[in-house]
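Student: I have a structure to go through with you. Can we take it step by step?

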Amino acid sequence: MPTLTIDGVAYPAEPQKNLLQVSLSHGLDLPYFCWHPALGSVGACRQCAVRQYRDENDSRGQIVMACMVPATPGTRIAIEDEEARLFRKSVIEWLMTNHPHDCPVCDEGGECHLQDMTVMTGHCTRRHRFPKRTFTNQYLGPFINHEMNRCIQCYRCVRFYRDYAGGRDLDAFASRNHVYFGRSEDGALENEFSGNLIEVCPTGVFTDRTLKNHYTRKWDLQSAPSICPHCSLGCNTLVGARYGGVRRVLNRYHHHINGYFLCDRGRFAYEFANLPIRLRHPVLPRPAAAKDGAGRPPTAAEAIAAIRTRLRRSRGLIGIGSPRASLESNYALRRLVGPDRYFSGLPQGESRLIAVALDILRDSPARSPSLREIAEADAVLVLGEDLTQTAPRMALAVRQSILQAPAARVAALNFPGWMAHAFQNAVQDDRGPLFIASVDATRLDDAATAVLHAPPADLARFGFAVAHAIDPEAPPVPDLDPETADLANRAAEALLAADRPLVLSGTSLHHEALLGAAANCGWALCRRGRPAGLGLVVPEANTFGAGLLGGRPLREAYELVESHQADTAVILENDLYRRSHGTDVDRFFDRLETTIVLDAVQTATTARADILLPAAPASESQGTFISQEGRAQRFFPVLPPTDPVAESWRWLGHLHPDEARALRSQEAMLIAIAAEFPFLAGAREAAPSATFRLNGAAVPRSSRRFSGRTAIHAHLSVHEPKPPEDSEAPLTFSMEGTTTAPPAALVTHYWAPGWNSVQALNKFQDEVGGPNRGGDPGIRLIEPRNVPRAYHNAIPPAFNSREGLCTLVPLHHSFGSEELSRLAPAIAKRTPPAAFSLSPADARERGLGEGDTLSIRIYGRPVRLPVRIHPQLPRGCVGFPAGWPDLAGIHLPTEGHFE
Amino acid sequence: MLSPAEQAALDAELPHYPARRALCIEALKIVQHHRGWISDEALRDVALALGMTPHEVDSVATFYNLLYRRPVGRHVLHLCDSVSCWVMGCDGICDHFRNRLGISFGETTPDGRFTLLPIPCLGDCDHAPSLMAGNRIHGNLTPEKLDRLLDELD
């Protein structure tokens, strides 16, 4: 095996990597700043200096930057060389000349890469006697706090924000020791991934503004591995909590999904769980509560007893599940009410869309790709989905894909791809194929080869045409206009020419034909022998999990109540007013004898409940979500839900009338699920079970430096309480536990000796930037199958706008469309006001300008909203803000009447 | 909006560059030539003309010390404060500016006639101390020579 030598020790040579990455991967401590595994090397900070020797006879060698030298066979370097060591120390000393000594009041303190590197190099005495340069900080919006004096000019922020995430409102200004990173003027950072600056910045320039509202040091945070509940991608997160509330969310590295980066919705939505609208106690109808006397809220036992009485009296029980509740909770409900009386909680149209999406993916020769595979695709077609708004992290992955084809083209120049500046220089403006077909302009359009903005039906027709152009066996599209046909041919050509072609679509436009068209494209590529990926975005964190359990559509639940076949409903974490039209939901509740609702927050539906049970949100729950990729992933509570709050599946288990059949643990739920739904058996393996131990101990949620454990409850009792027990997870609510690094599914902190910042992640990976040590968590339940599939052939007719009518299209927004995240104060500050979006032609015809009020009759009722003119929106389509409560319950496709 | 004269000057440069945003420095020079300095509005005008964001243009504008992001006087005097000029007494020239005009580095006389800015090396070390006024270098500066120069500039 070809080797290289570091400090006299032989290691395997890895010519496709650089010496810094290789050194770190072998556990050697070499300080660095500007290098980032996802951003590559620029050799700017001069921190990873080592001495390189020509051969074994060379005793003088020369100082080189390890991040800029490939780890080729025969390379000989010394990290422990005295001059190299002094060089590194002096670089830190020089960086420190202007860095303030404000660590005690800096939010980064204690988890600061700059602190770690300063200690690592041994710089501890200040010689610089002169004033430090100071800057004015900027207001950068509700997510990010700015403190420029701390900057060490590593340029990581702009390299992430501009080069990686495509942002164009953060830049470097001025020169020399006045270099300033910020915006041209104060204002919220526009990019949907700005929160990653918090982790990308090696010091405290960009810190979490929401954390500031309830600041806690890293070592005082209790943390647990979780899954983001705010879209269908299943990004892995680390949730931190103290004093009974969630404090922040950090990225938890998953090699195949989110990698190093989260979206801002996922990072800053956590605050909803701390709001006063959280449900903390059961609510019982007045007669039962009256027995309590002095206004004491009912206990869990009282609530369960009251519900059991109601259930016994009931002349017909139904259960309404939810795509935002865990697999276990949905299953527990189904088990309580019986499969015939379990409803998915989705309206007919959406229920059908999810069933179609699942049918397409479950028997598909095309692979449902992970986000990593999306980033590595070399030709992408996006059909109908505004990814930045509906599945933001996927948009970031697609943005990386456009560099795949250029990377292949410059491979002949024979330099490694991690040389970021050389790569940029070689590639220039060359971009790989990305075709986006969407109703309105999207935030990815700037990266696209070509875009098509058309009504949903025409987008589907375009998709079908692409499939036909790939494989003539796929059904042709009649009467396609030549321009669209030409674009379809170009897209087909690009996909066919690619090594890893990819088709992405989703359900956000509520247009079934789009799914068929996307499936046809994927399958056509497979039939032509291309290893195609086919990814479908769905609305919620567990849409696929709930969908796989079956469940009848909501409409049938309403009918059952209407026809007096049911008088009691248990509604699981679902606001029906977001699903159906208000009058239908009102009528449903009016006719129910007893409405039992489980939810974490107050909603329009909880307001109609007779009995209300406080459910734990994802951050306080254990459960399983199945992502749009088809991956089952486990999340664990960061806090024990404070009694009587409990996971929905726990409540529902207690309600089961037959003690013998009642399931009381999550493990028991998963075993029962596997028995009934063999294809969900893998969900049990998504994370180690409750009995898992490392060296005989469970994994601690608190750090060993956790402070104030005996004082934290001192206002209640001077005795230290026993830590809450966790019978469900191999994690403890305590600082006691294993000191060994746990499997990735159970990671609670990134921490290693000498590495206190998030960069300690290096020590948890097989190789830096590679998979988690011991494998990445989650089980893929959907794998491609080489089965013959008949092409979809329900090609819709071309869109025709009709006088006085408009087709309503949902326009999604990353900050506002998702139910729970829009409650979070920071997210709410970025939520645009509700508006009707009009094409310039439609606005002109009606004499409307930006901001004018437009009234559109929907379901016979006028809805009045201000007008926003969207230059790219097709004529005849009116966009409405998807997920805004006052516009909920519109079943698509629907037409509106201009008034 | 760029003025017709600015637009014409920009259009004349266009064929020399492979991409619109490569014109950024040239565009800023044109705008500064016509408006004296680069205001926030000028920044937005250039951004619009080149398909860039104001942030991107500002990043370029703030990098170069011959592009002015604040209003300057009719004559901008760039006095070298680098090593050779420092050894040869640029501090004294600086003092003379303060005594005669009442301005230090980064300041403009109240009558809007002169702005004094530092510049690190004009490549005129053999005639240090040295300054640049407009497109001309004035070396071997003494207070007397500076007085003559200031008198010449209206």
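Student: Is Val87(B) buried or exposed?
Tutor: This is a predicted model. Val87(B) has a relative accessibility of 58%. The cut-off for exposed is over 50%. Therefore Val87(B) counts as exposed.

Student: Which helix of chain B holds Trp86(B)?
Tutor: Val87(B) lies in helix 5 of chain B. That helix covers residues 83–87, and Trp86(B) is found there. The element asked for is helix 5.

Student: Is Trp86(B) buried or exposed?
Tutor: Its relative accessibility is 54%. Exposed starts over 50%, so Trp86(B) is exposed.

Student: What is the area of the nonpolar surface patch made by Val83(B), Trp86(B), Val87(B) and Met88(B)?
Tutor: Patch members need over 30% relative accessible area. Trp86(B) has 54%, and Val87(B) has 58%. With Val83(B) and Met88(B), they make a patch of about 470 Å².

Student: What separates the C-alpha atoms of Val87(B) and Asp151(B)?
Tutor: The two residues are 64 residues apart along the chain.

Student: How much area do chain B and chain A bury between them?
Tutor: The size of an interface is often given as the accessible area lost when the parts come together. Of the area buried here, 42% is on carbon and sulfur atoms. The value is about 1100 Å².

Student: Which residues in chain B lose the most area to chain A?
Tutor: The contact takes 13 residues from chain B and 11 residues from chain A. Three residues of chain B together give 46% of what that side buries. They are His55(B), Glu56(B) and Ser59(B).

Student: Which side chain of chain B meets Asp429(A) in a salt bridge?
Tutor: The count between chain B and chain A is 2 salt bridges. For the one with Asp429(A), the N to O distance is 3.3 Å. The cut-off is 4 Å. The partner is Arg21(B).

Student: What is omega for the cis peptide bond from Ala128(B) to Pro129(B)?
Tutor: Pro129(B) sits in the loop between strand 3 and strand 4 of chain B. The bond from Ala128(B) is cis, with omega near -10°.

Student: What is phi of Tyr155(A)?
Tutor: Tyr155(A) is in the loop between strand 8 and helix 4 of chain A. With a relative accessible area of 32%, Tyr155(A) is partly exposed. Phi is positive in this residue, which is other than glycine. The value is near 70°.

Student: What ipTM does the model score?
Tutor: The mean pLDDT of chain B is 95. The model's pTM is 0.96. Its ipTM is 0.93.

Terms used: Residues are numbered from 1 along each chain as its sequence is written. Chains are lettered from A and ligands numbered from 1 in the order in which they are written. This is a predicted model: local features need pLDDT of at least 70, side-chain atom pairs count only at pLDDT 80 or more; totals for chains, interfaces and linings use all residues. Side-chain values use heavy atoms; hydrogens and water are left out. Patches are made of residues with over 30% relative accessible area and no salt bridge: like charges are joined within 9 Å, nonpolar side chains (Val, Leu, Ile, Met, Phe, Trp, Tyr) within 5 Å. Accessible areas come from the Shrake-Rupley method with a 1.4 Å probe; for residues, only the protein chains shown count as cover. Helices (H or I, at least four residues) and strands (E, at least two) are DSSP runs, numbered from the N terminus. Buried means under 20% relative accessible area, exposed over 50%, partly exposed in between (1.4 Å probe, protein chains only). pLDDT is the predictor's confidence in each residue, from 0 to 100. Contact means heavy atoms within 4.5 Å. Buried area is the accessible area (1.4 Å probe) that two parts lose on being put together, summed over both.
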